[in-house]
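Please look at the structure before reading on.

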Amino acid sequence: QVQLVESGGGLVQAGGSLRLSCAASGSISSIVYMGWYRQAPGKQRELAAGITSGGGTNYADSVKGRFTISRDNAKNTVYLQMNSLKPEDTAVYYCKAVRTGIIPPYVFWGQGTQVTVSS
């Protein structure tokens with residue numbers, strides 16, 4: 001099992017910055033991918049950014065150049081640095097972890113953290 005705890009959300013004005021953190025615990029050695037997803041009211045959950053255990057990253061087109069995903073292996077934590085925030089970035093942000101193994105589950109989600117960007 002993997003437990004994920006997010007933090008760092010809040011209210012910020014357009015153009016501002018926030019940094020989200022996702023601390024992982026449990027069977028962390030088997031994690032191969034972690035990502036930040038977001039869900040705005042009335043919309044489907046979508047990928048914002050992801051990072052593999054090998055360090056590869058991917059971003060949604062809408063956040064490229066503004067968001068940066070990184071990780072601190074010593075702290076078992078993944079970060080999402082969000083700059084130049086826009087009102088359309090307003091959403092609940094969820095941390096996701098994918099692990100390998102024989103016994104499911106293989107996908108884990110955090111509880112979510114609210115990000116609100118005012119215009």
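The charged end of Arg45 sits over the ring of Trp109, 4.6 Å from its centre; such a contact needs NZ of Lys or CZ of Arg within 6 Å of the ring centre and within 35 degrees of the ring normal. Arg45 also lies over the face of Tyr94, 3.7 Å from that ring's centre. The model is predicted: local features need pLDDT of at least 70, side-chain atom pairs count only at pLDDT 80 or more, and totals for chains, interfaces and linings use all residues. Residues are numbered from 1 along each chain as its sequence is written, and side-chain values use heavy atoms, leaving out hydrogens and water.

**Aromatic pairs**
- There are 2 aromatic pairs in the structure (rings of Phe, Tyr and Trp, the last by its six-membered ring, with centres within 6.5 Å; planes under 30 degrees apart are stacked, over 60 edge-to-face, the rest tilted).
- Tyr37 and Trp109 have ring centres 5.2 Å apart and planes at 75 degrees, so this pair is edge-to-face.
- Tyr94 and Trp109 also pair edge-to-face, at 6.5 Å centre to centre and 90 degrees between the planes.
- Ring pairs join Tyr37, Tyr94 and Trp109 into a cluster.

**Burial**
- Tyr37 is buried, with a relative accessible area of 15% (buried is under 20%, exposed over 50%, partly exposed in between, with a 1.4 Å probe and protein chains only).
- Tyr94 is buried too, at 15% relative accessibility.
- Trp109 is partly exposed, at 37%.
- Val107 is partly exposed, with a relative accessible area of 40%.
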